[in-house]
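Dear colleague,

Please find the structure below, followed by notes on what was found in it.

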Amino acid sequence: MTYRADVLIIGAGASGGVAARHLAEHGFDVVCLEQGDWPDRSAFPGARPDWELAIRKDWAMSPNVRNRPEDYPVVHDDSDIEPLMYNAVGGSMIIYAGTWPRMLPSDFRVRTMDGVADDWPIAHSDLVPYYNAIDQQIGVSGLAGDPAYPPHDDYPLPPLPLGAAGRRVAEGHNRLGWHWWPEPNAILSAPYDGRRPCVQRGVCTSGCAEGAKASTDLTHWPKATAAGARLITGARVSRITIDPRGLATGAVWLDRSGVEHHQEADVVILAANAIGTARLLLLSADDRHCPDGLANSSGLVGRRLMMHPFSVVTGWWDDQVEGWQGHFGASITSYQFYETDPDREFVRGAKWALSPVGGPLNHILPMRAGNEVWGRDHHELMGRTFGRGASWAIFGEDLPEEPNRVDLDPVRTDSHGIPAPRVSYRISDHSRRLMAFQEARAEESLRASGCRETAVASMIPYSGWHLMGTARMGNDSASSVVNSRQQAHDVPNLYIADASVFVTSSGVNPTCTITALALRTADLLVQHRSEQKVPA
Amino acid sequence: MTTPTSPAPTADIDIHRLTALADVMLPAAHGMPAVSEVKAVESYLPQVLGWRKDLHQPLVRAVDALDPSLFSIDRLSALHEEDEDAYVALTTAVAACYYLSPVVRELIGYPGQAAKTYDPFAYTEWVAEGLLDPVVDRGPIWREVPG
Ligand SMILES: Cc1cc2nc3c(=O)[nH]c(=O)nc-3n(C[C@H](O)[C@H](O)[C@H](O)COP(=O)(O)OP(=O)(O)OC[C@H]3O[C@@H](n4cnc5c(N)ncnc54)[C@H](O)[C@@H]3O)c2cc1C
Ligand code: SF4
């Protein structure tokens with residue numbers, strides 16, 4: 001006899017973990033299918049001598065470089081930015097940096113405020129209770145009172161250390177009269193919920209062996225499974241199934257040895273990130289009901305991909321600041337140039353986050369700013385820069401454009417033979433103007449902070465860590481894929497919990513908002529349980 | 001997945017030849033030793049290739065392709081154009097061996113990615129000192145939205 005769950009969640013990352021815990025704790029029978037495994041923290045490379053070698057191969061941010069069996073290739077020949085992600089319980093949070101900013105009120109109203117793109121069908125105020133709840137679940141370290149934000153609840157933990165570089169840049173911004181604030185991070189500054197605090201090792205983007213950096217394998221899945229959720233790992237979903245009425249009935253999945261299974265459910269929630277979710281909707285095309293892909297009557301599935309153009313501006317002081325050390329999220333942030341200024345040649349803006357620069361290999365074989373230098377000059381360069389720098393990581397708001405998209409590659413497949421997603425994406429002229437302005441200001445910032453030398457790595461390709469927009473939210477089914485509850489217009493028992501639903505990208509790191517939205521979606525599902533349409 | 005691994009056999013790589021190439025890439029200068037002076041290649045190459053097996057074959061190609069007596073930084077750049085994988089393997093392996101040397105780490109002041117302790121409430125000192133006051137005093141910078 002086949003077993004039917006109340007809710008099937010596809011993907012056990014940030015959004016999947018949050019939704020699963022809430023639904024299981026509210027009495028839903030939840031099954032989650034995740035293509036990756038539980039992460040083994042003892043295998044994380046950060047404390048090992050080969051750390052900087054590992055992050056260039058087996059622990060690369062790119063699934064194409066890692067090429068593990070649980071990874072699927074992302075074809076990006078026609079993209080200015082390479083998509084980056086991690087496939088495991090905890091999802092891309094296993095390798096994320098952990099910066100945890102909320103979006104701002106204007107981020108939800110860019111059409112009204114700035115005449116570009118579209119407004120969201122929800123407002124910042126709709127998310128505030130969920131932001132507050134998620135901060136508690138995650139264990140966020142930060143300081144309330146940032147004048148870049150409307151007032152909100154205090155964070156559960158004190159801010160992480162500023163470090164020598166953060167302190168200098170804070171003073172530099174005070175001299176300039178520019179905004180700065182300690183960055184909120186999903187990283188523990190003190191023991192919390194049975195987890196240990198950050199030890200400032202600075203290896204966050206290859207996994208936090210200490211467990212100080214939040215990821216849902218730590219913060220949500222143990223509680224979800226304790227509440228009865230079933231998490232099946234090594235389970236790669238190949239398509240969502242539908243009944244003659246057009247309702248989702250579950251999903252077909254393949255186990256590690258390629259054996260096909262079907263999981264039935266009353267409700268299906270996609271939480272596979274903005275590339276994985278778009279891919280699955282397109283893979284679920286059905287000649288009779290949805291020839292162009294499931295939930296795609298608007299034609300927008302896969303379109304409007306946003307990835308945040310990303311630049312790094314590094315400054316070097318004359319003396320040591322232990323620039324390899326410290327949490328990689330960010331010590332301080334600046335929103336000085338975040339909101340629209342009508343005197344500029346662009347609208348919207350960017351968020352800045354101050355990060356460490358890495359170890360010796362990162363200096364001489366740079367993945368971010370800098371050039372390779374060999375011969376005698378190599379030592380001169382290392383002597384001048386090593387341990388003396390910090391980088392402003394600049395995330396520019398990426399406005400949605402329909403040609404920037406995910407579709408299915410006609411040739412390449414994953415290890416199960418399922419078509420790989422193909423990404424076509426161009427950084428717009430608008431983004432280029434926005435980023436050029438921000439880069440120049442960031443150099444000013446670092447000079448004012450005492451740096452003797454600065455360098456700009458402009459719009460680096462290896463930076464597609466924020467994946468958004470491929471199944472946008474909206475009130476009109478002709479111009480959006482899901483409604484404001486993240487329920488597919490075309491398939492009322494199909495929900496999307498991840499950042500596919502983002503209408504616009506904001507200029508901040510998205511995961512705080514992704515998880516707040518996932519919690520809201522799950523909460524509304526609980527509230528509207530009795531009205532939910534389900535298959536016969 | 002990379003886990004602590006045993007050293008890889010390197011019999012198919014001419015260590016002397018690779019060291020000679022590495023000495024051109026990282027010679028003695030500015031108070032730093034050459035690769036050969038700290039025996040970086042012979043000491044660490046097996047371990048580096050144990051960790052990064054994917055570098056092995058392209059490194060063999062690089063060592064075969066480059067004549068130490070004619071080698072220069074320009075020739076290294078040319079290798080980048082001719083065979084990118086070989087270039088990446090050579091630069092990565094040489095740099096990794098060199099910066100694993102305790103002598104070199106000591107000289108650049110790098111203890112590795114070390115764990116540190118700190119007082120999570122130390123922030124109260126810089127708050128009390130007034131570091132954030134100018135930011136707070138300028139008032140809100142977010143924009144109110146209609147509706
Ligand atoms: C290097 C890096 C640094 C980052 N830093 C930050 C940061 O500092 N702050 C921030 O806010 N964000 C950051 N991010 C982004 C953040 O990690 C993501 O926004 C977040 O994890 C997305 O959550 P998600 O639930 O949408 O998807 P994910 O967390 O990516 O989870 C999706 C899950 O779905 C699974 N899946 C996909 N397809 C299938 C399938 N067909 N079958 C079964 N399972 C499937 C995947 O295996 C994966 O585990 C970073 C990302 C990276 C890569
Ligand atoms: S710096 Fe902190 S959060 Fe980052 S990996 Fe180390 S302990 Fe974890």
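The contact between the two chains (heavy atoms within 4.5 Å) takes 57 residues from chain B and 73 residues from chain A. Together the chains bury about 5400 Å², 66% of it on carbon and sulfur atoms, where buried area is the accessible area (1.4 Å probe) that two parts lose on being put together, summed over both. B:Gln113, B:Tyr118 and B:Arg143 supply 15% of the area that chain B buries against chain A, more than any other three residues.

This is a predicted model, in which local features need pLDDT of at least 70 and side-chain atom pairs count only at pLDDT 80 or more, while totals for chains, interfaces and linings use all residues. Residues are numbered from 1 along each chain as its sequence is written, chains are lettered from A and ligands numbered from 1 in the order in which they are written, and side-chain values use heavy atoms, with hydrogens and water left out.

Between chain B and chain A there are four salt bridges (a side-chain nitrogen of Lys or Arg within 4 Å of a carboxyl oxygen of Asp or Glu). One salt bridge joins B:Lys116 to A:Glu322, with the closest N and O atoms 2.6 Å apart. Of the elements of chain B that touch chain A, α5(B) gives the largest share, eight residues, helices being DSSP runs (H or I) of at least four residues, numbered from the N terminus. The residues on this side of chain B divide into 41 nonpolar, nine polar and seven charged, with Ala, Val, Leu, Ile, Met, Phe, Trp, Tyr, Cys and Pro counted as nonpolar, Asp, Glu, Lys and Arg as charged, and the others, Gly among them, as polar.

With best regards

Definitions and conventions:
Helices (H or I, at least four residues) and strands (E, at least two) are DSSP runs, numbered from the N terminus.
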